[in-house]
Amino acid sequence: MQVFYLPGYGNRYSCFDCEYWTPGDLAAQVIMIILLIIQIVVALNDLLPKKFIEMDLEIFGILLAGLTILLAIIGIASFGITYEAYTWWPETGFYGGIIAGILNTILFFLKYKNK
């Protein structure tokens with residue numbers, strides 16, 4: 001989620017049901033959620049005693065986590081370009097995507113390295 005200040009009206013937000021989203025920002029949010037769900041499935045596959053996917057998915061997890069970081073950056077760039085005339089700043093959705101991507105990249109890499 002990103003926020004910008006609209007003079008005379010206060011803060012305006014970019015989210016799924018807000019009126020000030022941009023196409024790039026909204027697409028990045030939706031795709032990031034899908035990527036994070038797939039990362040959860042990959043992590044659960046490694047944690048369960050009987051794997052439901054028999055392949056090693058660490059590289060796939062690293063790639064998904066990297067794409068999550070990239071999409072967070074694309075989303076904030078799209079929002080920033082659209083609302084550059086206003087004072088704007090990133091909020092929780094941006095930081096959550098970046099932090100989740102970085103942590104998942106580190107964890108999937110450690111899993112891959114210790115194989």
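**Exercise 1.** What share of the contacts in the chain with a separation of 6 or more comes from residues 24 or more positions apart?

*Solution.* Begin with the term: a contact means heavy atoms within 4.5 Å. Among contacts with a separation of 6 or more, residues 24 or more positions apart account for 66%.

This is a predicted model, in which local features need pLDDT of at least 70, side-chain atom pairs count only at pLDDT 80 or more, and totals for chains, interfaces and linings use all residues. Residues are numbered from 1 along each chain as its sequence is written, and side-chain values use heavy atoms, with hydrogens and water left out.

**Exercise 2.** State the order of the elements, then judge how spread out the chain is.

*Solution.* Helices (H or I, at least four residues) and strands (E, at least two) are DSSP runs, numbered from the N terminus. From that end the order is β-β-α-α-β-α. The radius of gyration, taken over C-alpha atoms, is 17 Å, well over the 13 Å of the globule rule for 115 residues, so the chain is more spread out than a compact globule. That rule is 2.2 Å times the number of residues to the power 0.38. The C-alpha trace spans about 60 × 25 × 15 Å along its principal axes.

**Exercise 3.** Is Gln2 buried or exposed?

*Solution.* Locate the residue: Gln2 belongs to strand 1 (residues 2-6). Buried means under 20% relative accessible area, exposed over 50%, partly exposed in between (1.4 Å probe, protein chains only). Gln2 has 2% relative accessibility, so Gln2 counts as buried. Leaving aside neighbours within four places in sequence, Gln2 is in contact with residues including Tyr13, Asp25, Phe79 and Trp89.
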